[in-house]
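These are my notebook entries on a structure that I looked up. I recorded the sheet and the chain interface in turn.

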Amino acid sequence: MNNFAFLEDPRNDPPKLPVEERRELFREIYKSFDLAGAQLQADRCLHCGNPYCEWKCPVHNYIPNWLQLIVENRIEEAAELSHSTNTLPEICGRICPQDRLCEGACTLNEEYGAVTIGQLEKFITEEAIGRGWQPEKPRVPANGKRVAVVGAGPAGLGCADILNRAGTEVVVYDRYPAVGGLLTFGIPPFKLEKEVVARRATMLADMGIRFELGVEVGRDISLERLLAEYDAVFLGMGTYRAKTGNFPGEDLPGVIKALDYLIGNIGHLMALPDPIHPYQNLVGKRVVVLGGGDTAMDCVRTAIRQGATAVTCAYRRDEANMPGSRREVANAREEGVRFLFNRQPVEILGDASGPTAVRVVQTRLSEPDHRGRRHPEEVPGTDELLPADAVIVAFGFDPSPPSWFTDFGIALDAAGRVVTNERFQTSHPHIFAGGDMRRGSDLVVTAVDEGRRAAEGILDFLGV
Amino acid sequence: MSLYSPDFEKDSCGFGLIAQMDNRASHAIVATAVQSLARLTHRGAVAADGKSGDGCGLLVQMPREFFRAILAENGCSLPSDFGVAQVFLPRDEQRIAEFQARLAAEAADLGLRVLHWRAVRTDESVCGREALRTLPAVWQGFLSLPTDSEPAAQERLLYRLRRRLEKHYVQDREIFIVSCSSQVIGYKGMVMPEHLPDFYPDLRDERFHSALVTYHQRFSTNTWPEWRLCQPFRILAHNGELNTVQGNRIWARARESLLHSELLPMAEVLPAVGDGSDSFSLDNMLELLVQGGMDFFKALRLLVPPAWHNVPRMDPRLRAFYEYQSMRMEPWDGPAGLVLNTGRIAACALDRNGLRPARYVITRDRIINIASEVGVFDYDHRDLLVQGRVGPGQMIAVDLASGEFLDSKAIDARIQGSSPYGDWLRAYARHLEVEEDQEVVATPVEDLLTAEKAFGVSFEEEDQIIRVLAEGGQEAVGSMGDDTPIAVLSRQPRHLADYFRQQFAQVTNPPIDPLREALVMSLNTAIGAESNLFEERPEYARRLEVHSPVLSDAAFTALLQQTDPAFRSQTLDLCFAASGRLEDAVHDLRAAAVAAVREGTVILVLSDANLAPDRLYIPALMAVGAVHHALIDAGLRSRCNLVIATAHARDPHHFATLIGYGATAVYPYLAYAIVRSLKERHAFSQPVTLSQALKNYRKGIDKGLYKILSKMGISTLASYRSSQLFEALGLAREVVDLCFPGTPSRIGGAGFAALEADLRRLMADAYKARKGLPLGGLLKYVNGGEYHAYHPEVVRSLQAAARSGRYEDYKAFAQLVNDRPVTNLRDLLAIRPGRAIPLHEVEPIEAITPRFDTAAMSLGALSPEAHEALAIAMNTIGGRSNSGEGGEDPARYHDRRVSKIKQIASGRFGVTPEYAVNAEELQIKIAQGAKPGEGGQLPGHKVSGIIARLRYAKEGVALISPPPHHDIYSIEDLAQLIFDLKQVNPGAFVSVKLVSEAGVGTVAAGVAKAYADRITIAGYDGGTGASPLTSVKYAGAPWELGLAETQITLRRNQLRHRVRLQADGGFKTGLDVVKGALLGAESFGFGTAPMIVLGCKYLRICHLNNCATGVATQDEKLRKHFVGLPEMVIHYFRFVAEEVREILASLGLRRFDELVGQSQYLEIQKGTTPKQEALDLRPLLANADLVDGDAQICTEPRNPPFDRGELAERILKDAAPAIDKRIATRLHYRIDNTQRSIGARLAGEIARRYGNAGLPEGCLELDFQGTAGQSFGAFLVPGVTLNLRGDANDYVGKAMHGGRIVIAPPAGVSYASEASAIIGNTCLYGATGGVLYAAGRAGERFAVRNSGATAVIEGAGDHACEYMTGGQVVILGPIGLNFGAGMTGGLAFVYDPRQRFPDQVNGELINSHRIDTEAMRGYEALLRRHVENHVQWTQSSYAAALLADWSNFLSDVWLVVPKAARLDVLLEEAS
């Protein structure tokens, strides 16, 4: 262990694929660390008395501890430790906006460059699996309880993982034909290859979780039946209703909702066409993407790979206030995306054949409000037109609770989110909920966290 | 209801004896004793009225003729043999008569007769206020004695008489029998020593003759001392403090049932050991042993043995004596200088560490005078035959009947030959050291995870504590402080040991350095039943011995497999059915233990290994305390040993608590299982085998135990066992009374129900398979773990506020802190709202910020950038920064980067005259909150060029700070150091930094009486640059307790107006400050907060030098990343002051002073957990109810010493022309031992003008005749020579920087210089330059931490050149043990004609060379020059003879150099 590694060795990410290659491929752009490289980077950790990384991490990963285990080449233990707080560590390692979370909080971040936590998190599981490690099947004797989990996305998987480890019989239902929810169908493969999700699904199944795929609760099986057959039900169904900008032209053909676009593309790549989300190929088009979150980044980079001639991202705040991960913005820029900041879209021009342009107006940021957040204000007389053959709207998602929730007395708040107590129990005592549908659209890792904590709530409720 | 308790009283003092060795009684002996006592006045305490001392007294060989004459005047004649009962009685005729009748009746029952009652004449006009309040009537009862019995038998009758009366009047504190003897009589009182003969005119009567007097003067830590506690007692007078007295008293009681003596009806005299004071109890015990028939010398050596376990070349017969006795009684351990008087035997003995000075002279008239100092009566040196000193562990005596002088060797010879102890040991004693076999597991743990959860082990503990111990045999080191709640405030189940804070030595006795002074330490543990002390039989040697109380699997197995019924064992289960209650289980266990021992069990094993899902367990600590006390109560304790097989012992503190409450040995089966599992999981980062790992773990625990013992100043585990040296913090009365009786627990707290609930919580999760091992969070913040006061959000928001400079941002931070979950005791105290006034009416920010200091943080701990930024900020706002230990760059003295507070710490690094005079305040750091009672080490890699320069050390060489200040072993020593500092810099405040613990208030009272101007009370939560983790967690109490206790104690003792109070520890916001003020503080120390303001992120890696924020590192590259600015600190402190103003306004107060001590503005909040609710915080607020107390704040500008230093002032005046004009001047003076710190005053004035450069060589020469008081030549500067003909006391040349001190006997003396003690202990402590020539021997610790002085002396005591980092020392005569321990720099020559040096040297860090090769010529020349200079300056005929026989001399000289040094470089530097 070298106490001065952080001074001597700069922060390094593993190498990325060359841009030319990336622009055409729906493959992950980051290579993996080798052991020595990982150890060098892990050794940069200072083991702070206040582990800011862990504090900032939504699942509070024991980051300094597993970094130490990497240095000591105790990779299997690192993998165990990593799995003790996170159901999907190799996935979070790939897709979390670490620069806003652990790495952003890292003591070294400002002066020296943060420890490469995300890539090391990915490394641990990859390396451990490479060495033949598998998550252990629960050693706990079966506790005799059965729980149904609705939704095989991050929240559902997190919940199922904990329940299963505690000896509970878990069945996960999902309307899609594959495990992962948006992990599989929403996140483009250049960030997260589908084999990774599939491998995780296999591991979870091997650990004893049963998946009922292509089964939509409320359509193929009733919640009533689940309640009858199981001791508790967990709902982790996500948020799917796209937010709109409420300006003219949003309903023009060729104005695409971000998620529809991403899901359609992935369905096409996976050869699992989805009639609800058809494949939309933007080859040869001028594409304008509205929004500044990670979904917007996924869209611009997908469009580049599809062969769009020009891809522009317009966002209403400045770059510093963009919610998306800085790393993804940088990657998008490298791949040829043009960013226009401080642009508020006010209208999409076009006709039945599709959009022709987006009218945007410049903004400036207001003084910080009481929470320190600065809001964009329009600057009058600064209109401009962005020519566009396709417009993707990526303003985020609102809850999309099915109408039958009310039949079971599942209370919702004004925004449509499921209301629960601190145990994640809804107003129906046997129904628990977590993830985006409870807290609103958020990160994968927060959904995992919710699912896991909800599982603890269920176990407490069941007296396990 | 207040935190003050008389139990915490401490005392120290001056003491001595005088005897005419041929038993020729005279009044002169008595008069000389009184004079000597008066000459020790500066070692006692004096009240402002100049009358009220803390008490003094004489124990005088019975002046038979005087009494005969006096009684004859009243027409009463005395027989040839008679006894006198000297009694303090209430001033009430009726009660006096009642007592006299009672005495007469008891006497008659014993066949004695009262001949006469005499009311002793006393003069109360010499008494001060307190003395008068409790003034007794003094009566003498004259008793007839049976003429047909031996004197010893007569004494025994008188002893029995006294015991009967004492037992009868045990509740009556107004009746006290000073002495009751036919051989000696005590005269004592609460008056100043010179007034003792005024108070007792008897003592002035020329007919009052004696051949032997012992005398004593007390320095109590409070001003309510009692007449009865004045010394001497019935045999001894004690200067010191017995750290283990609580354990000794407990064992004394436990052994009572085994005591039988033909000579003494035990039922009549037991219980013989009373409380009162530690010294009093020791006197009681000694008296019981002697009266019961034990040989006087054996008895004393049994009670206060020398170090013997690790002493090389001790006579095997003597070692056998001590080994045999070691199982019969534990040492009464702690600093002890004892003088003893039986009327026939005069004796003096020192404890093993020699922590009290005792010097003696024998005159031509065969008068011997032994005292704390030399020169306490007037004599001509030419009349002296012997000038000696008593060394550590030594005892000397005079038998007046034979006139024989017995030195230590003679006494050893007497006792070692009295029985064939060695044969007995060989026949009966066995060692239980068993070959380690890693396959043997005495108690396997089937399901490790479950056991870990059940007993509260976390991943953190496994990884950070146990793994580190097993890997390296060392405790883990960490930095920063403990910012978690104390156990009772926590929301989590905590280990029961977390409720116990280790007591530690501060001021009244020193901690020990267990690493460098290992020879006095021992963990040796004997197993087996005890026996009657009054008999010595071979079979009483029957025992099993182990070198450590931490049992291996093999040792535990072997212990239980003993077939000898003398070691019959039985195991009691600590687990019980979960349907039961914890409290009932404890009661059941007590009963079972008593039954088992009654049936003959000798080894009682308490085991918690038998856990199951439906069972709970009694925490081992609770069990051991409860069983220990149950067995004592049943009179069975000394018949058995308690061996604890527990999952609850993992870190050293866990072991220490178990042993401290009575465990003989501990078998930590779960810790072993964890070590095994770590090995199986390949979790060690070091290559260790399993058996090494287990050994390492035990070694680490052993070291930790040494550390814990030594921080209390205790040397042997036997003494520590059941000494209960803990404060319970947050335990209910019911728990303490049943399991830990006698332990202070001042605020109540968790009861059995709450502790049981915690156990149930742990057990609920333990058997839940889905619950993994908790990650922990006690050391570092972990989500979901323990709350941390500096958690990430607190750090972030504080830094944001300091950077932005916006008060709103500060308020966000303050809200986060002020509204946190209950973490500190103050969080349960709210401010009672008052009638608000407008904010503008409150005094301005600028009036408040001068109350803020930054806590001591050294350059070394902090980077220069951070250190200077703090200084600039504090100087800007009128506050003060603190240099910390390690000096300060003189370039900073005269600009805004100066640290106004300069610290004086145990290493004395960088403490020079110029440093001292450039301070507004000199702070003596007695202890620091993070690791009270421990020393420190600055590793070599942190000793950069600048640090080395400032500390007078070498770059890259490690520097050791000893645990104690070697010139503060007692309160009178502290008074002396304060006096030194006030002499060198009369303008500076002298402050003393203490750490909160039970009794700190009484220590503070003593400090106030030692003339400190300010006292800082630091909380347990103070920070550190590096400390063992368990030290950070387990020692020191919250400052709220210490501060409240100090405020009320000072006010009760009329001392508060003389001294300022500061609080320190975890201060963050204005609300903290206001609460501190309401509890009594006038000013505040901030450590961590300003560091964080400057960019520190609380990384807890300070000890690694890799601080990424550039705050706590010396690394050039990292320092570039330091982003702190003084403005940030200024912002922060102004914000705090503004918040204080807002609170003042809300209370309707305009000035800060109106807050101080006004605890009625605080109200107790309801706790947020059952444990918090059970706390009783009313004692914290008791100050508000104290009527008739002293002021709430300091009203005096200074606390000036009683001693005006008149000689020093005269010298300064005489030397003024020399200083002003720098012209050569020579002056002459007589000097005696009351003239102290001579040279310091002068040196300070010179340093003020000319800095450390001083005067031109030879400019000022001062000649002295006589005996110099302590600290002769302290802080001396270049250009000044002190030339003393006579001798000197302790601390010669302390902190000397230049100049020359020459001490030699006057011409014409008859004693040989090389055989005589000419200077005392701890000379040249922290010297940075100058030369000392002394024609004679020095005491203990010569040249300790010397870093630049050159010295030639003719012999030295133990521990010479300890921690030395520079300079040159030549010793031309015998030395003591442990030479050169911790010596990392400089060089020494030792003349060793008797070839004993190899046994005396501590070779850990030094090499010894002969000077017999060509390559050593340079060293030979250097030595020759030193010896020639010595002869030239001292005219020593002894040294001259050595010079004359140079080649023979040279062949017996050792050159001693640090291992790290290169011989050629060293020589070049030295020459």
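The entries below concern a predicted model.

Entry 1, the sheet. I looked up an open sheet in chain B and found 7 strands in the order β30-β39-β38-β36-β35-β32-β31, with parallel pairing. I noted β30 (852-854) and β31 (901-904) of chain B as the edge strands, each of which pairs on one side only. I recorded an average twist of 25 degrees from one strand to the next.

Entry 2, one strand pair. I followed β36 (residues 1014-1018) and β38 (residues 1060-1064) of chain B, which run parallel and are joined by 5 bridges. Within β38(B), I identified Asp1064(B) as the bridge partner of Ala1018(B).

I recorded 30 residues of chain A in contact with 35 residues of chain B. The area buried between the two chains is about 2900 Å², and carbon and sulfur atoms give 55% of that area. In chain A, Gly49(A), Asn50(A) and Trp55(A) lose the most area to chain B, together 19% of what that side buries.

I noted 3 salt bridges between chain A and chain B. Glu72(A) forms a salt bridge with Arg467(B), with the closest N and O atoms 3.3 Å apart.

Methods:
Residues numbered from 1 in each chain as written. Chains lettered and ligands numbered in written order. Predicted model: local features only at pLDDT ≥ 70, side-chain atom pairs only at ≥ 80, totals over all residues. Heavy atoms only, no water. Pairing = 2+ DSSP bridges. Helix = DSSP H or I, 4+ residues; strand = E, 2+ residues; numbered from the N terminus. Axes fitted to C-alpha atoms, helices over the stretch in contact; angles between N-to-C directions. Contact = heavy atoms within 4.5 Å. Buried area = accessible area lost by both parts, 1.4 Å probe. Salt bridge = Lys/Arg side-chain N within 4 Å of Asp/Glu carboxyl O.
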